[in-house]
Amino acid sequence: MNLRDAKTIRWWAIIPFLLFAYLCVILYLNLKSDNDPKSVPSPFLGKSIPTFVTTDLLTGAAFDSASLKGEPYILNVWGSWCPECAREHPVLNQYAATPSAIAIIGLDHKEVDPNDGKVWLSRLGNPYRFVPVDPDGRIGIDLGVYGAPESYFVDAEGIVRYKHIGALSLATINQKVAELNREK
Amino acid sequence: MRNSADKFVRLRFALLFIQLFLCLTFFASSSWAIDPLPFKNREEEVRFQKLAAELRCLQCQNQNLADSDAGLARDLRNLVFEQMQSGKSDSDIKAFLIQRYGDFVIYDPPVNAETAPLWLSPFFAFAVLIGALLYRAKRSKDTGTGSTYPDPKPHKEDW
Amino acid sequence: MMPELGQVCLLLALLLAGITSIVPMIGSYTENRRMMQVASFGISGQFVFTGFAFVLLTYAFLVQDFSVLNVANNSNSELPIGYRFSAVWGSHEGSLMLWAFVHTIWGLALALFSASLPDKLRARVLSVMSMIGFGFLSFMIFTSNPFDRMVPPNLDGNDLNPLLQDFGLIIHPPMLYMGYVGSAVPFAFAIAALLENRVDQSWVRYCRPWTNIAWAFLTVGIALGSWWAYYELGWGGWWFWDPVENASFLPWLVGAALIHAQAVTEKRGTFRGWTLLLSIAMFSLSLLGTFLVRSGVITSVHSFASDPERGLFILVFLGIVTGGALLLFALRGSRVRVLSSAGLMSRETLLLVNNILLISSCALVMIGTLFPLLAEALNLGKYSVGAPWFGKMFALFSIPLLLLVPLGAFCRWNQDQLGRVLTQLLPAAGLAVFATGFTWLMAREMPIRVVLGLLVAFWVIAGTCAFLWRRWKVASGKRYTLEMLGMASAHLGLGLWLAGVVLVEGLSVERDVRLTPGEQVEVGPYTVKMLGVAHRSGANFEADRGRFEIYRGTELITELNPEKRKYRRGEVMTEADIRPHIFGDVYVALGEPLDDKGEAWGVRAYHKPFIRLIWLGALLMAFGGVLAAAERRLRTPVLTQQEKLSQDSGKNSGQIPGAPSGSDSNSGVPALNATLNSPGNA
């Protein structure tokens, strides 16, 4: 067997290092980004929000979400069983009280007993123009809801511009609403 | 040391909040992945189990619908069952869920331009390595080393 | 006071690690023997102090010192004593303590068993080990200190996560970590060899037993994890392709490739650069696994509470260790190319193809695990890559690998003919076909993919037995070396593992039913009959305990008692009950009460045929690794006259590998020394 030692450095020897460097960059980017690996972006972004028909929790009247078209609104998904929603609620109240506030629609999601929802709202305040009910969660599924609270920022044409996972802050609401109004 | 302990505790609470939101029912109720459903026959049951194993529970830390306790998982299982009963095919059901939740909900990623790196890279790696092997073999042939190597004498330890 | 003592010990260990990283390394370059001898002392000292710190942490858990934050978060006054031990490593900080401790164990073992190593090599290897230890100790001390106090102390603790209150937790992490950390040994050898610019057969020979044992531990660790998940999580699965599971699988695949590459390099002198690269890769993947599990970039049921800050520390550490190693390789590793004249059909080629398939599989698993991260970073979208994808892709790459397994042992080095090899294996092939046909006849309803999978499994088993048979008949003198037996055990294990996998995946039966007392459900060949559910109290939980009778036909086999436990900490856990059997497990888990009286319950029952073969196969593989490591020829390598000369002169870089000679070792190449015995020969 002829054994020869190559006295020169082979060019391919740097490839493992380069691949590794690339990997580190990807991992670093992921680490630095605020991306929650579990938050799922909505496939409805930039598309029309699915419409639904149900009843209103407080008035008992029929509610057709298509009727909302023509003005921008926030669709907030909540439930009395959800502690994060309780934490978020004062922010919604605060926003709803501002003069230029757009409508907030509060979808009561997976509420076992509608009374719980009513009691919760009377206790914490009601910033919602309408409170459609979704007792079995099917409307939520149609919207792509997987937890609560979640909020959809919908423009006047019914296009979803932004979906927020988790509790909203006043700053986020103001920022996103401003964007909604600009899109007009 | 004290400060890092405080920060640590606060961070733990923050993370707990996030986990609480996203996986609420695990703590709150004791719903469970064991959901007896009225299947018509064994084929249907097997088909359901296979489908549930391919779908992801979005509320959970990487579990499929079949194994997850979460409320959403139960709702989605019921939905899948209903759609199966009404005659929808597997691909119909998957398309229904993808339309609402995105590709994230399926554990088998689609084949498209974005996922091309995923599907092609293993074959690419294999091709590169095999190419290197063949290249080396060709080179040693070309340099005309031939085989000055005498056949090793068999030895008791040699195998 | 004790926890503070623990802190002090850790700091002392850190100090010693720092000293041992620097002094012997310098000594190896300046040929200062005193400096090089610091290595042994330093390594032993690290073991003593880290070990003592570990003991102190354990003590804190045993006496339930809730002023220590880690104890308060992971233990409870009602926690049974056995789990207080395992709670030590049940958290991120504690697991790091375990990692650091296991690292010093390997370091100590290395120091004790390396007397025959040349001084410079030994000094550098121990120095590199200490550098790694330094990294982990600093990570632990500065970001994840297990001895942090909680002021004011809690009166009671949070309790250990009930999922972790289990026998599996006691043994799975230590075994796994022995494997992960053990891969630092070939890594250290590789770095030392690169530094010395001397990559020859002798360092591989030293390396082989260590690599084999580390890989064996990793095999056992992964198998234990699989078994634990199976009975603990309640869904009857043994592998989920979860990112954390994949993180342990990557170093295992590379380790398997490394074992084979080392065999070639040790016996034939070729693949040296490749073996170096694999040695670096195996440990790097262990570190990558650590990063993935603790940084929060991936989602997994197994991951620790995530902290991006810690993740950054590990990433930087990984970058330095692996980046440094790969740079060193780029500068020096490629100089040691040895062009082999081995023909296209030869054992070298077969083992190279084995490596290529294993590494491609490793790349596959890594890409699948990391693609969701990549896709998000590059804005390609949000995807999930799970069992369906991994299953089919991995099968695609493993099948050629498995088909080739029996060929290696029958193929000659350097040059052979495919026809000759296959002819020798014809009886084995025939046996495999016969066995498959027979099995199919016994169970006609088996799906075709199970039949084909069994064919491959039988082929692997029959081929390995054929080798053993041939050696028995043909070899004169010593029939079996430990190395051969190790190989046979591992390959047999592989065959059994595959058989278990195809049978379980293809034939298992799952039923989710509603049962009232007296009702029953069929699951496979068994019948599960519910008797009732009663209440019971445990040490730190309240439980509903079901009573189920298992029948085969009309014969009562056993009674199973699955439980639904509500822990005081809050979690609700399902404790399934299993009737284990080599031919198939019966597995029953309790769901929810489905009526108000609590009589009707949701029940899940499984029949898992031959699932035990999976872990039995893995154990055989690990056993094979240990056997091969015990090979006498490797344990006491005796340098040839030439090797001693070249070491003392210190001027040869990767030159002629000295064939191991000496009384009992001879790789069958007597001609080599005779023709190429002058150091300057190229």
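**Figure 1. Pairing of F153(A) with Y162(A) in the predicted model.** In this predicted model, F153(A) lies opposite Y162(A), a residue of β7(A). The two strands concerned, β6 (residues 150-154) of chain A and β7(A), are antiparallel and are joined by five bridges.

**Figure 2. The open, mixed sheet of chain A.** Five strands of chain A make up an open sheet, and their order across it is β5-β4-β3-β6-β7. The pairing within this sheet is mixed.

**Figure 3. Overview of chain B.** Chain B contains six helices and two strands. Read from the N terminus, its elements follow the order α-α-α-β-β-α-α-α. Of the 159 residues in chain B, 44% are buried. Among the contacts in chain B with a separation of 6 or more, 56% are between residues 24 or more positions apart. The accessible surface of chain B amounts to about 8,000 Å², and carbon and sulfur atoms contribute 62% of that area.

Figure 4. E54(B) belongs to helix α3 (residues 42-54) of chain B. Is E54(B) buried or exposed? The relative accessibility of E54(B) is 11%, and because buried means under 20% relative accessible area, E54(B) is classed as buried. Beyond the neighbours within four places in sequence, the contacts of E54(B) in chain B are K94(B), V105(B), I106(B) and Y107(B). E54(B) is also in contact with P388(C), a residue of chain C.

**Figure 5. Overview of chain C.** Chain C comprises 21 helices and 10 strands. Its radius of gyration is 27 Å, close to the 26 Å given by the globule rule for 682 residues, so chain C is as compact as a globular protein of that length. The C-alpha trace of chain C extends about 90 × 70 × 55 Å along its principal axes. Buried residues account for 64% of the 682 residues in chain C. Of the contacts in chain C with a separation of 6 or more, 72% involve residues 24 or more positions apart. The accessible surface of chain C is about 24,200 Å², with 66% of it belonging to carbon and sulfur atoms.

**Figure 6. The enclosed strand β10 of chain C.** In strand β10 (residues 601-608) of chain C, eight of the eight residues are buried, so the strand is largely enclosed by the rest of the structure. In a regular strand, the side chains alternate between the two faces of the sheet. In β10(C), W601(C), V603(C), A605(C) and H607(C) point one way, whereas G602(C), R604(C), Y606(C) and K608(C) point the other way. The residues of both sets are buried.

**Figure 7. Partner strands of β10(C).** Strand β1 (residues 509-515) of chain C runs antiparallel to β10(C) and is joined to it by seven bridges. Within this pairing, R511(C) has A605(C) as its bridge partner in β10(C). Strand β9 (residues 585-593) of chain C also pairs with β10(C) in the antiparallel sense, over seven bridges. Here V603(C) of β10(C) is the bridge partner of L590(C).

Methods: Residues are numbered from 1 along each chain as its sequence is written. Chains are lettered from A and ligands numbered from 1 in the order in which they are written. This is a predicted model: local features need pLDDT of at least 70, side-chain atom pairs count only at pLDDT 80 or more; totals for chains, interfaces and linings use all residues. Side-chain values use heavy atoms; hydrogens and water are left out. Helices (H or I, at least four residues) and strands (E, at least two) are DSSP runs, numbered from the N terminus. The radius of gyration is taken over C-alpha atoms; the globule rule is 2.2 Å times the number of residues to the power 0.38. Buried means under 20% relative accessible area, exposed over 50%, partly exposed in between (1.4 Å probe, protein chains only). Contact means heavy atoms within 4.5 Å. Accessible areas come from the Shrake-Rupley method with a 1.4 Å probe; for residues, only the protein chains shown count as cover. Two strands pair if DSSP finds at least two bridges between them.
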